[in-house]
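The sequence and the structure come first.

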Amino acid sequence: MRPRAKDAPENIAQFKAPLVISHKANNALHVYALEARAQKLGLYKGQPLANARAMVQPLEIMPADERADATLLENIADWCDRFTPLVSLDSPDGLFLDITGAAHLFGGETAMLSMVTQRIAGQGFAVRGAIAGTSLAARALARHAPGSIVPPGCEAEKIAPLPITALDCDDKSLRALRHAGLKTIGMVAERLHSELSERLGKPFVTRLRVMLGAEEQPLLPRRPLPDLMTEQRFAEPVVTEKIISASLLSMAECLSSILEREGRGARLLEAAFFRADGKVERIAIKTGEPLRDPKVMLRLLRQKLDALVDPLDPGFGFDLIRLEAVLAEETKPATVSFDSDENARRQIGYLIDRLSIRFGEHRVQRFVPQDTHIPECAGVAVPAQDHDFDGQPWPLKRQSGDPPRRPLRLLQKPEEIKAGLPWAPDGPPKYFRWRQCRHDVARAEGPERIAMEWWRKHGYTRDYFRVETKDGQRFWLYRDGLYRQNGFAPHWYLQGIFA
Amino acid sequence: MNKSAKLAELRHSLAQYGLPPDWPAVATGHPQADAVLGGGLRPGSLHEIFAKGWSAGSFAALLAVQAAGSKPLFWIRPDYEAMEYGAVSPNGLLELGGDPRQLILVRTRNAADALAAANDVLASPHVGALLLEVEGMPKCLDLVASRRLALAAGENGVTVFLLRNGAQAEPSAALTRWQVTAAPSHPGDDDWGNPVFDARLTRHRAGGLGNFLMKWNPQDACFETANSGAVVRTPADRPAVAPARQRRA
């Protein structure tokens with residue numbers, strides 16, 4: 001994964017000092033990565049930097065940027081998504097591609113391996129690859145015998161001649177193996193597994209077995225595997241919106257026919273646009289109900305594309321477009337309903353989907369009741385797409401025939417007011433000042449005492465008052481804490497506006 | 001058809017020009033206001049409500065609750081509104097006699113987004129009412145935008161309430177325009193917690209104007225005449241205000 005100095009011709013590069021990347025570990029600088037020329041001069045990975053400097057002068061040294069390396073690896077993995085949906089990271093410098101059932105699409109394993117390595121190399125990376133039955137076997141072969149393709153069941157045979165460093169275990173185990181005179185993986189594998197397990201621990205034996213193809217180890221995918229996926233590859237990268245739309249529609253039709261056959265619908269759709277220069281852009285849409293209609297899919301996708309802050313940039317064109325149903329759910333049997341209520345409900349659902357896609361799902365909200373006395377927590381706004389909203393009853397606070405006891409609008413944070421003297425020691429203030437305006441209280445009702453739930457540590461007690469000012473405005477005030485607690489005048493807050 | 005009949009028909013169609021189609025009106029419950037409005041709020045029309053103080057938001061919300069009936073009520077607010085005037089509380093709506101399950105809140109970044117969302121919402125005939133809150137006088141809300149809102153409202157019969165906080169009246173395509181402030185309740189009233197509004201109907205394209213003291217009754221979810229304490233009483237044997245079509249000015 002070392003970027004090659006591509007723009008520098010060989011003869012010029014010879015005059016430059018060899019490049020070494022340094023890295024600080026255990027409070028000392030070490031060689032983290034190095035050029036092939038530096039390697040020829042006898043430097044090696046993990047060498048103390050002071051030694052390297054003493055051996056070769058001049059030496060060009062750059063500090064390692066691990067974060068940038070990780071981002072680069074992620075980007076390459078994104079690009080590799082075009083070969084298989086299951087790509088897994090092998091940090092810091094490796095990738096696993098699960099090509100089960102995918103190789104024939106690229107003309108067989110040999111052709112696929114050479115294509116992947118050539119195209120990555122073409123982007124300026126030094127790359128080595130191998131294909132084997134298990135991930136660890138492929139990893140060991142890629143690093144120590146690049147280009148090899150192992151037929152199914154022959155891992156042990158191919159792995160056996162590799163040196164024990166290919167096991168990639170810790171230094172202690174390596175030293176132990178060397179002490180025992182074991183030099184290749186084959187020699188280690190000949191030992192009894194119970195012996196190895198006793199000496200080096202069980203994880204080592206598991207690792208060895210996976211490497212030899214005797215055991216399987218699942219890969220950890222970077223992205224959730226989609227339930228369904230369709231894609232279109234283009235011989236010539238496409239740029240125009242018309243073709244992109246048409247291909248999205250044909251893919252949506254393809255998805256919908258499969259979904260229909262299986263009695264399912266997509267809840268989460270993702271369209272991935274693979275640009276010819278390696279950049280991948282993804283847009284995802286979420287729907288409130290399982291969706292199957294290709295026209296609706298296309299409309300939602302187009303809406304999302306239109307609403308993007310930085311619009312989709314085709315650059316030199318897309319050479320692959322993919323549409324995935326990341327999450328597909330069973331639909332209820334589509335009975336033709338003449339019930340207008342049902343139809344209206346569905347139409348409102350579509351409207352909520354459209355708005356959610358356009359403005360973001362957290363911006364289209366409905367409310368669910370909560371069982372609590374704390375006024376600001378009693379009704380919670382949730383994305384309207386996610387919930388079914390029937391059947392949760394809302395508790396009414398007022399008695400029948402009484403005026404409302406909760407305001408229609410609650411300030412996001414209660415605002416402190418300057419309160420005048422109260423009518424009675426425990427009562428509401430005669431006047432108060434809020435947002436630079438003086439309000440004279442004409443009438444008040446209260447207190448309604450609301451205390452924090454007993455199981456919380458820092459409880460507060462609030463005495464709420466409904467007040468009407470002289471000019472008819474109705475506010476919801478509260479006094480924080482009890483009156484004259486600790487000898488201090490209490491603070492007053494305005495929390496809501498009735499009408 | 002003779003000439004006079006033709007003329008009368010033309011006059012009628014001219015008078016109806018730009019007005020929403022004739023759906024049955026939704027009564028507000030306040031007798032004088034209903035009489036002036038011709039039976040109540042006309043569905044599929046645009047109503048502008050200008051605020052003075054803090055109360056107009058509630059007034060607009062209550063009208064929207066009435067207009068929505070059993071259909072969903074969409075409330076579109078730019079984020080600024082919640083910061084300045086407080087977030088919508090579903091419990092408050094319930095206490096006023098509305099149903100929080102019907103309410104769908106759309107929060108937008110700015111007024112332009114709010115208008116775009118409103119146009120989306122108005123495309124559906126299954127929406128009961130739309131309450132659109134806009135602060136100040138943004139450039140995007142011009143005569144063209146308000147005309148578009150009115151047309152979209154008329155197409156699907158969705159009643160739109162445009163709540164203008166901190167704005168001056170300007171030319172618009174709205175059917176009615178209201179100036180709303182809070183009014184103190186009558187000293188003799190026991191139920192003084194019920195909101196009372198001093199609502200001035202300052203513009204009405206299809207009828208007369210008037211000032212009304214409207215009190216909200218949360219139990220029946222309708223407005224009623226507030227007791228203003230004045231000596232003039234509502235006549236028992238005839239409507240308080242002449243029907244709109246008989247009046248002359």
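## Basis

Two strands pair if DSSP finds at least two bridges between them. Helices (H or I, at least four residues) and strands (E, at least two) are DSSP runs, numbered from the N terminus.

The model is predicted: local features need pLDDT of at least 70 and side-chain atom pairs count only at pLDDT 80 or more, while totals for chains, interfaces and linings use all residues. Residues are numbered from 1 along each chain as its sequence is written, with chains lettered from A and ligands numbered from 1 in the order in which they are written.

## Open sheet of chain A

In chain A, four strands make an open antiparallel sheet, ordered β6-β9-β7-β8. β6 (228–238) and β8 (280–291) of chain A are the edge strands; each has a single partner, so one side of each is left without a neighbour in the sheet. On average, neighbouring strands are turned by 15° against each other, direction ignored; axes are lines fitted to C-alpha atoms, for helices over the stretch in contact, and angles run from 0 to 180 degrees between N-to-C directions.

Helix α13 (residues 294–307) of chain A packs on this sheet, where it touches β7 (264–275) and β8 of chain A, and its direction makes about 135° with that of β8(A). Contact between two residues means C-beta atoms, placed from the backbone, within 7 Å. β6(A) and β9 (residues 318–330) of chain A run antiparallel and are joined by seven bridges. Opposite A:T230 stands A:L323 in β9(A).

## Nonpolar cores

A nonpolar core is a set of buried Ala, Val, Leu, Ile, Met, Phe, Trp, Tyr and Cys residues joined through C-beta atoms within 7 Å. Buried means that 20 or more other C-beta atoms, placed from the backbone, lie within 10 Å of the residue's own.

The largest core has 100 residues, and B:I49, B:A64, B:L130, B:L132 and B:F161 touch the most other members. Helix α3 (residues 56–68) of chain B gives the largest share, ten residues. Beyond its neighbours within four places in sequence, B:L132 contacts B:I76, B:A114, B:A118, B:V160, B:F161, B:L162 and B:L163. Another core lies apart, with 30 residues including A:L97, A:A140, A:I159 and A:F204.

## Contact between the chains

Chain A brings 48 residues to the contact and chain B 47 residues. Elements of chain B that each supply at least two residues to its side include α3, α4 (79–85) and α6 (111–122).

Strand β12 (residues 409–419) of chain A pairs with β3(B) in the antiparallel sense over two bridges. A:R409 has B:V88 as its bridge partner in β3(B).

Note on methods. A residue is buried if 20 or more other C-beta atoms lie within 10 Å of its own, exposed if 12 or fewer, and partly exposed in between; C-beta atoms are placed from the backbone.
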